[in-house]
Amino acid sequence: MTLERRSTRRIHVGSVPVGGGAPISVQSMTTTKTADVDATLAQIYALHGAGADIVRVTCNDVEAAQGLAEIVPRSPVPIVADVHFQYRLALAAIEAQVAGLRLNPGNIRDERHVKTVARAAADAGIPIRIGVNAGSLDRDVLARWGAPVPEALVESALIEVGYLEDVGFEDIKISVKHSDVPSMVAAYRLLAERVDYPLHLGVTEAGPPPGGLVKSVAGIATLLLEGIGDTIRFSLTADPVEEAKAGRQLLEYLGLRERRSVDLIACPSCGRAEVDVIEIVEEARAALEAEGLPIQVALMGCVVNGPGEAREADIGIAAGRGKGHLFIKGQVVRVVPEGEMVTALVEEARRLVAEGVEARLAARDVAAAAEAAETRLELLGVQGDANRAAERRAAVAEVVGEPDVEVR
Ligand code: SF4
């Protein structure tokens with residue numbers, strides 16, 4: 001399914017296009033002291049490896065600006081300088097040849113300063129993100145609205161847009177982040193109606209996982225599914241590598257970026273499970289992630305329902321009677337001892353990526369499907385067919401003598 005996206009202008013953050021139909025980019029931010037060039041670069045490389053397309057780095061003092069001058073030419077991704085309070089540090093970051101600036105209208109409040117920065121950014125050919133944040137909203141705007149409501153965030157952004165446009169600067173992207181998910185969503189929806197600049201999505205100060213992940217996904221995915229948003233950031237209280245990974249995965253799961261890593265489908269397990277599904281999944285996840293194979297892999301706790309329920313997966317394995325039943329596109333291709341399940345799965349996944357589905361189906365063990373069917377029947381004999389639960393409920397109701405029991 002292809003999502004229709006809101007049409008926006010296109011800007012470029014270094015080599016990364018943002019807006020105007022460009023792939024949605026993933027951003028993250030370093031947590032190191034920018035003056036510590038080696039530590040910051042190490043984190044930038046880790047973020048890049050985890051899926052970040054653009055990395056933001058704080059430029060909070062002169063030492064940080066000097067650090068940027070060394071970081072920018074050695075970075076594998078475009079660097080955006082995050083500037084609060086001191087517009088001169090934005091000018092210093094431009095001198096350090098960053099690929100973009102983020103200004104907070106809530107704390108660089110002097111219109112003349114904003115325009116000075118915009119002129120310098122225009123000369124350097126770099127974009128500015130107007131980064132409005134509910135927690136640091138412009139005090140006049142806040143006073144007018146009485147609270148950081150969505151309308152207040154949008155008003156603050158539009159005031160800043162006006163300052164930039166006054167000096168002919170339109171190389172702009174905007175964020176209106178809120179830590180409250182419904183307010184964040186409402187703010188971006190409002191803003192999307194008012195401007196065609198690309199939007200940077202995020203739930204600010206989302207907190208540690210899993211809550212921070214849930215909040216971020218709730219806000220960002222809601223907007224992306226409406227076609228709103230051009231670049232995203234998860235703001236987690238965690239190693240920023242987790243932010244980059246989560247951002248990248250979200251885009252892959254929504255079909256907005258090509259899959260470049262494994263997509264694991266695993267059953268939640270139930271009383272029918274023939275193995276410890278959680279343990280097997282953890283083992284397989286570690287092995288498959290190390291391989292970095294761009295395929296969908298299913299891990300199912302039983303062969304009774306597993307291959308059928310996961311027939312859309314590229315490859316999968318289902319347990320039963322001490323064995324692992326390896327299947328490709330729902331067809332059982334091999335049966336292996338339970339202890340070899342994960343190894344066999346990883347090996348077959350590797351071959352599948354290298355040789356393709358047709359070749360691996362042609363190389364299947366022809367006896368495997370019959371063996372799996374036999375095990376399935378055996379298990380059904382012991383456990384019953386989960387798919388006929390409604391009939392069994394009806395039978396139970398009849399035996400108990402309660403014909404008015406509702407049968408679903
Ligand atoms: S695949 Fe089997 S073990 Fe897993 S949830 Fe479905 S029925 Fe239960």
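The buried residues of helix α9 are Pro-240, Glu-243, Ala-244, Lys-245, Ala-246, Gly-247, Arg-248, Gln-249, Leu-250 and Leu-251, where buried means that 20 or more other C-beta atoms lie within 10 Å of a residue's own, exposed means 12 or fewer, and partly exposed lies in between, with C-beta atoms placed from the backbone. Helices (H or I, at least four residues) and strands (E, at least two) are DSSP runs, numbered from the N terminus. This is a predicted model, in which local features need pLDDT of at least 70, side-chain atom pairs count only at pLDDT 80 or more, and totals for chains, interfaces and linings use all residues. Residues are numbered from 1 along each chain as its sequence is written.

**Helix α9 and its surroundings**

- Ten of the 14 residues of α9 are buried, so the helix is mostly covered.
- Those buried residues pack against β3 (25–29), α1 (37–50), α8 (211–225) and β10 (231–233); a contact requires C-beta atoms, placed from the backbone, within 7 Å.
- The length of α9 (residues 240–253) fits expectation: 14 residues at 1.5 Å a residue should span 20 Å, and the end C-alpha atoms are 20 Å apart. The expected span here is 1.5 Å times one less than the number of residues.
- Just after α9 comes Gly-255, with a positive phi of about 75°.
- Gly-49 belongs to helix α1 and is exposed, having 12 other C-beta atoms within 10 Å.
- Between Gly-49 and Val-241 there are 192 residues of sequence separation, yet their C-alpha atoms are 8.6 Å apart in space.

**The chain as a whole**

- You will find 15 helices and 15 strands in the protein chain.
- Its C-alpha atoms fill a box of roughly 80 × 55 × 35 Å along the principal axes.
- Of its 408 residues, 46% count as buried.
- Among contacts with a separation of 6 or more, 65% are between residues 24 or more positions apart.
- The domain assignment gives domain 1 (11–253) and domain 2 (263–389), with bounds that come from an automatic or database domain assignment.
- The centres of domain 1 and domain 2, taken over C-alpha atoms, are separated by 43 Å.

**The eight-stranded sheet**

- An open sheet of eight strands runs in the order β8-β7-β6-β5-β4-β3-β10-β9, with parallel pairing; two strands pair if DSSP finds at least two bridges between them.
- At the edges stand β8 (172–177) and β9 (200–201), each with a single partner strand, so one side of each has no neighbour in the sheet.
- Inside this order, β6 (residues 100–103) and β7 (residues 128–133) run parallel and are joined by three bridges.
- Leu-103 stands opposite Ile-130 in β7.

- Strand β12 (residues 296–300) runs parallel to β13 and is joined to it by four bridges, with Leu-299 partnered by Ile-317.
- Six antiparallel bridges pair β13 with β14, and Ile-315 has Ile-328 as its bridge partner.
- The β13–β14 hairpin has two residues between its strands, and Arg-321 in the turn has a positive phi of about 55°.
- Another six bridges join β14 (residues 323–328) to β15 in an antiparallel arrangement, where Lys-323 is partnered by Pro-337.
- The β14–β15 hairpin also has two residues between its strands, with Lys-329 in the turn at a positive phi of about 50°.
- Strand β15 (residues 331–337) is mostly covered, with five of its seven residues buried.

**The ligand shell**

- There are 14 residues around the ligand, and Cys-267, Cys-270, Ala-273, Gly-301 and Cys-302 come nearest; a residue counts as near if its C-beta atom, placed from the backbone, lies within 6 Å.
- The shell divides into eight nonpolar, four polar and two charged residues. Ala, Val, Leu, Ile, Met, Phe, Trp, Tyr, Cys and Pro count as nonpolar, Asp, Glu, Lys and Arg as charged, and the others, Gly among them, as polar.

**Backbone points to look at**

- Most residues other than glycine have a negative phi, and most peptide bonds are trans.
- Pro-209 and Pro-210 are joined by a cis peptide bond with omega of about 0°; Pro-210 is in the loop between β9 and α8.
- Phe-85 has a positive phi near 65° and sits in the loop between β5 (79–83) and α3 (87–95).
- Ser-269, in the loop between β11 (263–266) and α10 (277–291), has a positive phi of about 75° and is partly exposed, with 18 other C-beta atoms within 10 Å.

Key. Two residues are in contact if their C-beta atoms, placed from the backbone, lie within 7 Å.
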